[in-house]
Amino acid sequence: MNKKEAYQKKLQAQLDQWSAEIDKLKAKADHAEADAQIEYYKQIEELRTMQKSANSKLTELKESSDGAWEELKAGMDGAWNSLGNSLKLATSRFK
């Protein structure tokens, strides 16, 4: 497996984990009080939007040439860090 494939697998695994965490947050929001639900759903929608963006970047990476993927890596890392930080923040608010 080359570096590009290993990087893709790492990102896909992280994206899958985050998707599961967002699903757990949604389940918690479904059982929250009405006032809290509105805020929780708003945060979940923002996370889903970020997740879709990260997934699009991963697709772009998968379709890139072996030479071009290195250039995309910096943007990918930024998107991943942003989503990860937002998910941590949302998770802390849901407690």
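How many of the 95 residues of the protein count as buried, in percent? The share is 31%, where buried means under 20% relative accessible area, exposed over 50% and partly exposed in between, with a 1.4 Å probe and protein chains only.

Before you click, some ground rules. This is a predicted model, where local features need pLDDT of at least 70 and side-chain atom pairs count only at pLDDT 80 or more, while totals for chains, interfaces and linings use all residues. Residues are numbered from 1 along each chain as its sequence is written, and side-chain values use heavy atoms, with hydrogens and water left out.

**Stop 1: the whole chain.** Switch to a cartoon view. You'll find 3 helices and 0 strands, in the order α-α-α; helices (H or I, at least four residues) and strands (E, at least two) are DSSP runs, numbered from the N terminus. The C-alpha trace spans about 50 × 20 × 20 Å along its principal axes. Contacts here mean heavy atoms within 4.5 Å. Among those with a separation of 6 or more, 73% link residues 24 or more positions apart.

**Stop 2: Gln8.** Select Gln8, in helix α1. Why does Gln8 count as buried? Because its relative accessibility is 14%. Leaving out residues up to four places away in sequence, Gln8 touches Leu58, Leu61 and Lys62.

**Stop 3: the two tryptophans.** Now show the structure's 1 aromatic pair. Trp18 and Trp80 sit 6.2 Å apart centre to centre, with 45° between the planes, a tilted arrangement. (Rings of Phe, Tyr and Trp, its six-membered ring, pair if their centres lie within 6.5 Å; planes under 30 degrees apart count as stacked, over 60 as edge-to-face and the rest as tilted.) Trp18 belongs to α1 and Trp80 to α3, so the pair ties together parts that are 62 residues apart in sequence. Both Trp18 and Trp80 are buried.

**Stop 4: the largest pocket.** Next, colour α1 (3-30) and α3 (69-93), which each supply at least two lining residues. The largest share, 8 residues, comes from α3.
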